[in-house]
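Thanks for making the time this morning. I would like to go through one model with you, taking its pocket to begin with and then the packing of its helices.

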Amino acid sequence: MEGTRPILVELQALTSQTIYGYPKRTANGVDFNRMALLIAVLEKKAGLMLSSQDVYLNVAGGLKINEPSIDLGIIMATASSFKNRPISKDMVIIGEVGLTGEVRRINLIEKRLKEAERLGFKSCIIPESNKKDLKDNYKLDIIYVKNVNEAIKKALGS
């Protein structure tokens, strides 16, 4: 992996009141089952009632991502749409999410943060468990979170 740079991707999510008895779920660029699991985490651990919502998720640019560090981005994009509160355009969100809503440590955190800085982002939400891995100083405002509720609070204000 020496010499390679992490890819930062744009995630888009849309939630909309379903007109059917059963909500529709669509995932482009990420595993459908992973999206369904993360929606369940949002319902159970963050109290977002998505059972009456159609949920559409898209990775911009047609990329296909099979990487657990995208989980928190999926959670946050979905929560942002549901709450109708935007995430700052200069914020990066990185983290794997477990079934209990915990935000889990990810690999290559320093490379990911350096790439975010290089691209001009101003802040980044990352797992608190990655704090000890950081050796460099960053221009980014690094926000550490332990679980999805903390991430939602810090990115969306509630």
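Which strands and helices each supply at least two residues of the lining of the largest pocket? Before I answer, please keep in mind that what you see is a predicted model. The elements that each supply at least two lining residues are β1, residues 11–17, α2, residues 71–83, and β4, residues 91–93. Of the elements in the model, α2 gives the most to this lining, with five residues.

The largest pocket itself has a volume of about 1000 Å³, and 34 residues line it, with V9, E10, L11, M91 and I93 lying nearest its centre. If we sort the lining by class, we find 20 nonpolar residues, together with seven polar and seven charged ones.

Let me now turn to the helices, and stay with α2 for a moment, since it also takes part in helix packing. Two packed helices are described by the angle between their axes and the distance between the axes. For α2 and α4 the angle is about 55 degrees and the axes are 10 Å apart, which makes α2 oblique to α4, and the crossing of these two helices is right-handed. On the α2 side the contact involves L72, I75, M76, A79, S80 and K83, which meet V148, A151, I152, A155 and L156 of α4. By class, that contact of α2 with α4 comprises nine nonpolar residues, one polar residue and one charged residue.

The next pair is α1 with α2, which pack at an angle of about 60 degrees, with their axes 10 Å apart, and α1 and α2 are therefore oblique to each other. Here too we have a right-handed crossing as α1 passes α2. The residues that α1 brings are R34, L38, V41 and L42, and they meet D71, I74, I75, T78 and A79 in α2. In terms of class, the contact of α1 with α2 has six nonpolar residues, one polar and two charged.

That leaves α1 and α4, and how are these two oriented, at what angle do they pack? Helix α1, residues 32–46, and helix α4, residues 148–156, pack at about 90 degrees, with their axes 10 Å apart, so α1 is roughly perpendicular to α4. The contact is made by L42, K45 and A46 from α1, and by V148, N149 and I152 from α4. Its classes are four nonpolar residues, one polar and one charged.

Terms used:
Residues are numbered from 1 along each chain as its sequence is written. This is a predicted model: local features need pLDDT of at least 70, side-chain atom pairs count only at pLDDT 80 or more; totals for chains, interfaces and linings use all residues. Side-chain values use heavy atoms; hydrogens and water are left out. Axes are lines fitted to C-alpha atoms, for helices over the stretch in contact, and angles run from 0 to 180 degrees between N-to-C directions. Helices (H or I, at least four residues) and strands (E, at least two) are DSSP runs, numbered from the N terminus. Angles under 35 degrees count as roughly parallel, over 145 as roughly antiparallel, 65 to 115 as roughly perpendicular and the rest as oblique. Contact means heavy atoms within 4.5 Å. Ala, Val, Leu, Ile, Met, Phe, Trp, Tyr, Cys and Pro count as nonpolar, Asp, Glu, Lys and Arg as charged, and the others, Gly among them, as polar. On a 1 Å grid over the protein atoms alone, a cavity is a set of points where a 1.4 Å probe fits but cannot get out, and a pocket is an open set with protein on both sides within 12 Å along at least five of seven lines; lining residues have an atom within 4 Å of a point. Grid points are joined across faces, edges and corners, and a volume is the space filled by probe spheres set on the points. A crossing is left-handed if the near helix is turned anticlockwise from the far one by less than a right angle, and right-handed if clockwise.
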